[in-house]
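Thanks for coming, everyone; I would like to take a few minutes to walk through one model with you. Please have a look at it first, and then we will go through it part by part.

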Amino acid sequence: MYELQDVSKRFGATQALHPLSLRLPTGRTTVLLGPSGCGKSTLVRLLNGLLIPDTGRVLFDGKPLPRDTEALLPVRHRVGYALQGGGLFPHLSGEENVTLMARHLRWPAARTRERLATLVELTRFPADALARYPAQLSGGQRQRVALMRSLMLDPDVLLLDEPLGALDPLVRHELQGDLRAIFARLRKTVVLVTHDLAEAGFLGDGIVLMRDGRVVQQGGLADLETRPADPFVTRFIQAQRPVPGGGVVA
Amino acid sequence: MSASRSSHAWGLLLTLVLAACGGGSPGSGDDVPTVRVGSKKFTESVILGDMVTQLARSTGARAVHRRELGGTTVLWEALRRGELDVYPEYTGTLRQELLSGRKLPDDAALREALEEEGLRLSAPLGFNNTYALGMKEAEAERLGIRRISDLLAHPELRFGFSNEFMDRADGWPALRERYRLPQRDVRGLDHDLAYRGLESGALQVTDLYSTDAEIAAYGLRVLEDDLHHFPAYDAVLLYRADLESRAPDALAALRRLEGRLSEAEMVKLNARARLERTPEAQVAADFLASTLGITAEVRGESLSARIWRRTREHLFLVAVSLLAALALAIPLGVLAARRPRLGQAVLGLAGIIQTVPSLALLVVMIPLLGIGSRPAIAALFLYSLLPIVRNTAAGLSGIPLEIRESAEALGLPSRARLWRIELPMAAPSILAGIQTAAVINVGTATLGALVGAGGYGQPILTGIRLDDVGLILEGAIPAAALALLASALFEAVERAVVPKGLRLRAESESR
């Protein structure tokens, strides 16, 4: 679905991404994994044109991503996007957030209603909470609304930037389960950003481990564990294992 | 391309608004000539203006009187632009101030110079209202001061002069030079406040006009101008030359005032208006009846009718200027938020406009827009820009990055993002800016009276002139009430316009 060719990005004095080439396979869930500041969020923003690479190019469906904002619009309709905290519009209710694009594209009301019902069922969102405003929703509910909003136009690709980052562990655990079920059911191309190894292993078909704007290793979780490309891979994995000797920090 | 179309639309709207407040010319289809009379904002000028108005009416002409305009230049410009036909003036003012650059030696040269401007002078009305210096009689007696030269021996005296006298070429600077006066404690203030300063002892010497009603009332001694510094200020009527062909009968009637007003007569008339609080129109009518045998009807207006008329005038100034400001300031605010560098320039310019004193701005507007509501609306419009532009820009820039990014990533075009996301989210800030502008606007609009725009400023101006607190309150109380009302109105609008989701957020944040 995506192919990145020698793509790099710099912000002022910081080289956020060194030139890198990467293929993101269609219908699979790829997890961009790494510590904060490794460039994974920059990478995901290159995929929907929120950022434009300094060098190289991003191929979407075999064609280079247009730079012109007007020409990017149809691409963005095919690429759903949700970020940490949901990025919900506070002045719109949950339902209005989800159906905003449908209204903008003047979908018939029946079609919008039908699609909304499908999404509510898919994300196991309580239908009576649709009329609530973001300020009245729990963190988990907000994330579900954001997910519905990104799926509203039935996009080919789903980009999720730390979608579970701001949630407490119980809600996070529940949503991880739901997300895996949703990915399995929809078979969309998913790119998910996280710094959590367990989450990456649980949700991803493949993992891209990044550090300091470079890809360190690409493969399954087992590959990273058994055939680390770099001592950093082992250190990163070790750091997220339970503490030896019972796993409980007194 | 869409940007240029929308700016075209704003321009059209502004044009409409300005045309709406122009009011059109007072002339109508029939043959009845119209005489537009002006007067300065002191009692003598208003009485003369009323006499002229009533005389013109007595010939069947239509006459309007723009009373109490703020300053000589305002009237002079309005006369030259043809927005006034006639106003009472003084030869000294014309020679020393308005045409001071020409160094005119006598009145014949003055007439010639005015002819070039298309203006003419009547013969003198009879009295010379020149500048003079005055002190409390008792104090002058105690210090032994009779002549201006006597002031040289008393450098500790406190002087308070009208602002005009402080600034004009033949005023304080020239007087000081001529007599070599040593006093250092010299301040400028409103002429009407100077008398009260003398009374309270805050001042000891002030400038007077030789026909001031207060000379007798306050027990003042007029100091002899022993070096003959002050020139003659013979009262005359200054009118447009075209009045001779346009309204010959009315002009002939006005000129019946020539030579009919002695200094003693004028002091008496001034005293009736200022000290006995007889309306100027009545004073003028009584004089015309007794001297020229002309009866004029003086229409009174009830308090409620006056307040209602001024409320309409005031609301008109505020509403038109605020609407026009909205139409320009909100797009400018959007531009400022989207192009930060351009935004700095826009905000800087609006900030500079804000620092221009309102009176100066009004006077600057007169050559462009004349007198009446137009310059007042233009000035209020300019003053309203900054709060609205700044709050619009701040409201838009304050939208969190993740929300702007989400809107962009959804594939909403720029214009839809503005209407569906950005403006609704900035609404509370924008409304607060409009509210600020409206409240400032209601207060500043009272200055509109200085350029003949009417409104609540008119009784305030008259009240200050006549030292009449009741009249001042007649303008000040409704103005304060209107400001509170405007503020309350915008709070109601905020409840109606600000999306519920935003109010929820504000509540949860304030908890």
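How many bridges join strand S6 of chain B to S7(B), and do the two run parallel or antiparallel? Keeping in mind that this is a predicted model, strand S6, residues 159-162 of chain B, is joined to S7(B) by four bridges, and the two strands run parallel. Within that pairing, Phe159(B) has Val186(B) of S7(B) standing opposite.

These strands belong to an open sheet of five in chain B, ordered S7-S6-S8-S5-S9, with mixed pairing. Strand S7 (186-189) and strand S9 (220-223) of chain B each have a single partner strand and stand at the edges, so one side of each has no neighbour in the sheet. From one strand to the next, the twist averages 35°. Lying across S5, S6, S7 and S8 of chain B is helix H9, residues 191-200, which runs at about 160° to S6(B).

An unreviewed UniProt entry lists residues 315-335, 347-370, 425-451 and 471-493 of chain B under "transmembrane region". In the model, residues 315-335 of chain B are 100% helix, with end C-alpha atoms 30 Å apart, whereas residues 425-451 of chain B are 74% helix, with end C-alpha atoms 40 Å apart.

Finally, the contact between the chains takes 21 residues from chain A and 22 residues from chain B.

Terms used:
Residues numbered from 1 in each chain as written. Chains lettered and ligands numbered in written order. Predicted model: local features only at pLDDT ≥ 70, side-chain atom pairs only at ≥ 80, totals over all residues. Contact = placed C-beta atoms within 7 Å. UniProt positions renumbered as here; feature names shortened; annotations may be inferred. Pairing = 2+ DSSP bridges. Axes fitted to C-alpha atoms, helices over the stretch in contact; angles between N-to-C directions.
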